[in-house]
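Please look over the sequence and the structure shown here; the report that follows takes up a few places in turn.

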Amino acid sequence: MRSLRVTILDLVTKGPTKSLYTRVMNPNLASIMPQVVGVWCEELGHQVRFVCYTGREDLHQELLNETDLVFIGAFTRSALTAYALSQLFRSRGAVTVLGGPHARSYPQDAAQYFDYVVGFTDKPLIHAILADCAPHRPLGIQLAAARQPTELPGVKARWKFIEPTLAKAPTAFKLVPMLGSMGCPYTCGFCVDANVDYQPLSFEQIREDLQFLRTKMRRPIVGWHDPNFGVRFEEYMQAIETAIPPNSIDFIAESTLSLLSEPHLKRLRANGFKGMLPGIESWYALGDKSRTGRQTGEDKVQQVAEHINLILRYIPYVQVNFVLGMDADQGPEPFALTKQFMDRAPGAFPAFNLLTAFGQAAPYNRDLQRDGRVLPVPFHFLDNLHAMNVRPKHYAWPEFYDHVVDLSRHAYSWPMIATRLRLNRGWIPKWFNVIRAVSSGFGQIKHHMAIRRVLETDGSVRRFLEGDTAELPAFYANKIRSKLGPLWDVLPDGALMHDHLAYLHAEPDPVPNLIELGSPSAGESPPVPIGAH
Ligand code: B12
Ligand code: SF4
């Protein structure tokens, strides 16, 4: 196979950004897989140029070099940026590949703009693409490994990509991305991992990576990207304890409340865990996850608030995640309960996600599409914050946004900011929460208020959100144009909109669209078309 010039682009964001919070945080939100793909491409004998786009780079300048093959990793919020860039690269003769959350959610749509669209990705699949490296147009081919990979290059192998990315972070807060497991034993219907079996990665590699990191940074901070950290709790703690001196690396992880018992919290504190992001999601659903069993409403608020306060005694930074607009919620009560919760556990930072059906990412999305509740809201706004593409079951839009605005105002009010500042321990949690509330929180309030206003003043937006028309209101198009800047001009025709019912109409077992791609290494399962796993 000839040696290819490969460009790898990790799109952390969709366009230029100046806010203080994104400036500090974006380099810390880089993905692991683009770095992994970079390592694999080099191991397979190709030359790699790696760019992590955080919103401050000049993309035109960064991407000038000649390239044969481009891998882009994108979340759905960056899909249009990815489509425009693919168009640009293709016009210069390169072949393009899309991977990441958008590719897993909307493969049919992405295939119109990329030569390859990949789901689960392992080394044989990357090998096969490198060997084939040919344009597939007008429709790209969709590929996926049969399952999540069982091993990935660790921090040491990825360091050459991690180091320049973290150098972009303007403060001492530099988060090294690590992964200890994939999948999840829970089956929350709205989650991309609902049907993905839990699978730990090598504990030996975790040990090696932690030891390596201590040779590179004075006091490293590791962000675990595991969907649900700590499922095999004992083994993870042992891996950490046998690798490094107690409390010599700071850790941040996403976990479920059910895994955060007091004995576990003691162990986590002893091992340097400084940040924890448990999901509460709703006061009326998902009791298993939050360990509240059948309790709902006020009882659950009290129990969860006590649990969060317990966590805060051991772990200085806690972010609690809520999903707004879930089917189990109706009337003002769920929002009132969340406010009550914040008053009872004011030290935790609340993050509100608007219920979003990301294409075919979660099983429940098919039901929502069948019920006619999914809207063709452009990808650009689908980040759990800026728009909701599901019509709420029990709320009219104005009523829903009134509640969202009111809740956000409460969460990011000066009295709440001051209370968190007083209660949080350590300067990082204290100031991080202030910056976050003032920058991201205030931004959210402003945005939700704007949507609420537009619901009254712009009939086209209201009709669009009611599902009465699929014609995109100018309000949305203008926002996209101003964010994309020069990339707007290279956005492929039709890219602004997508088939929001593609999952519903997709064949359960699609006809294989797999051409003969190079041969995967012996003993590994060959790539299969998406949808067959
Ligand atoms: C860890 C995590 C984060 C971390 C790390 C993010 C990151 N940069 O990777 C943090 C907390 C920073 C984060 C932030 C956000 N997240 Co997040 N996050 C996750 C989580 C829990 C795990 C993802 C993960 O790393 N899994 C392990 C990897 C190895 O597996 P994988 O993701 O399945 O990837 C496989 C394939 O997709 C493929 N692949 C992945 N990337 C690439 C790239 C290339 C080039 C190739 C070829 C292949 C490839 O290979 C992998 C192995 O098979 C998922 C939910 C979940 N349970 O999966 C949400 C999830 C990915 N996040 C989501 C969202 C919406 C966000 C935010 C927009 C939230 C926000 N408003 O800020 C931001 C966006 C950040 C960004 N970089 O743009 C959505 C994405 C939906 C979508 N279609 O866009 C998810 C699915 C959760 C959800 N709401 O359903 N997130
Ligand atoms: S516990 Fe979290 S990661 Fe697991 S299925 Fe539920 S939402 Fe997804």
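## A buried asparagine

N321 counts as buried, because its relative accessibility is 12%, where buried means under 20% relative accessible area, exposed over 50% and partly exposed in between (1.4 Å probe, protein chains only). N321 belongs to strand β13, residues 317–324, with helices (H or I, at least four residues) and strands (E, at least two) taken as DSSP runs numbered from the N terminus. Apart from neighbours within four places in sequence, N321 is in contact with L277, P278, G279, I280, E281, A351 and N353, contact meaning heavy atoms within 4.5 Å.

The model is predicted, so that local features need pLDDT of at least 70 and side-chain atom pairs count only at pLDDT 80 or more, while totals for chains, interfaces and linings use all residues. Residues are numbered from 1 along each chain as its sequence is written, chains are lettered from A and ligands numbered from 1 in the order in which they are written, and side-chain values use heavy atoms, with hydrogens and water left out.

## A buried proline

P177 lies in strand β7, residues 175–178, and is buried, with a relative accessible area of 5%. Leaving out neighbours within four places in sequence, the residues in contact with P177 are A30, I32, Q35, V155, R158, I162, G223 and H225. Between the C-alpha atoms of P177 and K393, which are 216 residues apart along the chain, the separation is 37 Å.

## An exposed tryptophan

W427 is part of helix α18, residues 427–457, and counts as exposed because its relative accessibility is 62%.
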